[in-house]
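Trainee: I would like to learn how to read a structure like this one. Could you take me through a few of its features?

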Amino acid sequence: MNILFGLPRRLLALLASLRHARSLRWLAYGVLVGAVTGLVAAAYFWAVEYFRTVLLHDLAGLSLPAPAGERLHHATPLGAYRPWLVPLFTGAVGLITGYVVNRFIPETVSGGTDGTDATIKAFHQQGGLIRPLVPIIRGVASVFTIASGGSAGREGPITQMGAGLGSWFAQRFKLSARERRLLLLAGAAGGLGAIFRAPLGGALTAVEVIYREDFEAEAMLPSIMSSVTAYSVFTFFFGSEPIFGIPRFEFRDPRELFFYVALALACAGAGWLYVRTFRWFKFRIFFPLKDKVGLMWTTALGGLGAGLLGAFFPQVLSGGYGWLELAILGQIPALMLFAIVIGKTLATSMTIGSGMSGGMFAPALFVGGMSGGVVGQLAHQWWPDIAKQPGGYVLVGMAAFFAGIAKAPIGPLVMVCELTKGYGLLAPLMVASALCIVLCRKVSLYEHQVDDKFDSPAHVSDATINVLEQLTVEGRFTPSRVTILEEGTTLKALTDIIANTAQICFPVRDRLGRFTGILTIHDVRRLLFEEGLFDLVVVRDLAKRPALLKPDDDLYTALLLFVDTDYDQIPVVSPDDPHALIGLMNREDVFKAYATTIRSLREDAV
């Protein structure tokens, strides 16, 4: 955070100056948020891999496979085999996580499924605001959750951290609530694009996962820029190779679509089991337990349970991308794949359901991939001439499974294409994802998703804001001569001025011609008959802080200024000369413009 607070003031001023150059502004914001998110993602990824190597590889002596693109710290000799340390690690991490969360960020206990769901909640219900301490604590806690063996993914925490950065920058630039939400999504897209090394898939997933049947189109430009920038920063440190070292897969036989239909059925069933099991553990076991013994002991118990399962069944530890790569390469038999699906579902439910930090994204991809692998293995065994590449079913299962339970049809599909460096599986990806979404229509992984924009609390207020942001001050006020007061004008002279004008508010300027305040009739009404003060009180003593509008300001900006100052009139200055007044904007002008526009829209809709 010291890096953020140390950003050059000139850079912040430059971005703030782009407030009304919309496209350039969002490009700049996207690049800035993406650059910082990419650095955070790189540090986060390194920390997870480093501490996982220390705890599981060196101390517990577990030789867990790593995918080709993530072999960072595995050159050290394997430690003595001590699997009993795993439940101690996960239990201790759960204990500490529960204490810290309950002590510093208790509002996140009911924040949703994981970091992605918390981001969705912040978008819909919190005006895009995320308290900086939340992603910091959740991010650090998730590092040790995953590193100790807890069944969780990196994607949820990095989504929340990226979203938190977007929210923080939006607050620094004093953006509106709508703009703050868009920058929040841009940060989330940057985190996903970097950690998956899939910039387009990360951007699309971020803008569509907040809805079940819609997506946030306005966020596309900053999200794409953020994701591409974060991806570029991340690959500068870790290379651009995809996560999995796998061969190229191609779909050639149309008859194979029948097997992909079967895959969709299997993934839909596994998705139902995955979500229902998670909710059962969370709401039937851990929530009642939390009310009785507190969060700290609940997360400790969840970590202990997941660690015990992982000690006997190491395939369910951490994110599991190494096992996914082996499944894609056909090195895990079908029966073991089925067992891993059950074990991973239970381990994830205990880890995340108890309140520990981590993401549900990676475990969902893991379970979906293994479910698809079962179908692929069986199809290859019985019809080898048709299902020639069973590993492709693992990749399709990943996308179809997540698309079904997260209601995100496009992002995961594109992500898999980016992971495989080609579109050879595009047709089965589309078929399986579409079927999974239909079959899982009553199953939802994320608690705070809403159907569409009409159901989003965020867009209830936008109905007014969007209308006002499309209207400008120019043309909504009547240019006229404005009476300006000098700071040294006496109360006696002021009474004569007020008697000869219909103005309610008077701009005040100093000897240099600078506007220094505004004087309203309400401020002087009680002094108008105090003749003893006529020569003692001057305008400078009565004026309040200045407020000015420009013709190209939108009416939402004007409305906020009226609310903030409580003035009935605000001077409008020339766009070419900030010292030249061209008229006064009345508060009623804003309301009339809004009412007229709404009436016109309703008439057009009839």
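Predicted model: local features only at pLDDT ≥ 70, side-chain atom pairs only at ≥ 80, totals over all residues.

Trainee: Let's begin with helices. What describes two packed helices?

Mentor: Two packed helices are described by the angle between their axes and the distance between those axes. Here, take helix H16 (residues 391-406) and helix H17 (residues 411-420): they pack at an angle of about 160°, and their axes are 8 Å apart. With that angle, H16 is roughly antiparallel to H17. The crossing of H16 and H17 is right-handed.

Trainee: Which residues in H16 and H17 meet?

Mentor: From H16 come Leu395, Met398, Ala399 and Phe402, and they meet Pro412, Leu413, Val416, Leu419 and Thr420 of H17.

Trainee: Now the strands. How do strands of a sheet pair?

Mentor: Strands pair through backbone hydrogen bonds, in either a parallel or an antiparallel way. In this model, 3 strands make an open sheet in the order E1-E2-E3, with mixed pairing. Its edge strands are E1 (485-486) and E3 (515-520), each of which pairs on one side only.

Trainee: In which sense does E2 pair with E1, parallel or antiparallel? And with E3, parallel or antiparallel?

Mentor: E1 and strand E2 (residues 505-509) pair in the parallel sense over 2 bridges. One place to look is glutamate 486, whose bridge partner in E2 is arginine 509. E2 and E3, in turn, pair in the antiparallel sense over 5 bridges, and there proline 507 stands opposite isoleucine 518 in E3. E2 and E3 form a hairpin with 5 residues between them, and glycine 513 in the turn has a positive phi of about 85°. As for covering, 4 of the 5 residues of E2 are buried.

Trainee: How many residues of E4 are buried?

Mentor: In E4 (569-573), 5 of the 5 residues are buried, so this strand is largely enclosed by the rest of the structure. Follow its side chains: Gln569, Pro571 and Val573 point one way from E4, while Ile570 and Val572 point the other way. E4 runs antiparallel to strand E5 (residues 581-586), and 5 bridges join them.

Trainee: Where are serine 318 and aspartate 566 found?

Mentor: Serine 318 sits in the loop between helix H12 (295-312) and helix H13 (321-328). Aspartate 566 lies in the loop between helix H23 (555-565) and strand E4.

Trainee: Is serine 318 buried or exposed? And is aspartate 566 buried or exposed?

Mentor: Buried means under 20% relative accessible area, and serine 318 counts as buried because its relative accessibility is 2%. Aspartate 566 has a relative accessible area of 58%, so this residue is exposed.

Definitions and conventions. Residues numbered from 1 in each chain as written. Heavy atoms only, no water. Axes fitted to C-alpha atoms, helices over the stretch in contact; angles between N-to-C directions. Parallel < 35°, antiparallel > 145°, perpendicular 65-115°, else oblique. Left-handed = near helix turned anticlockwise from the far one by under 90°. Contact = heavy atoms within 4.5 Å. Pairing = 2+ DSSP bridges. Buried < 20%, exposed > 50% of the residue type's maximum accessible area, 1.4 Å probe, protein only.
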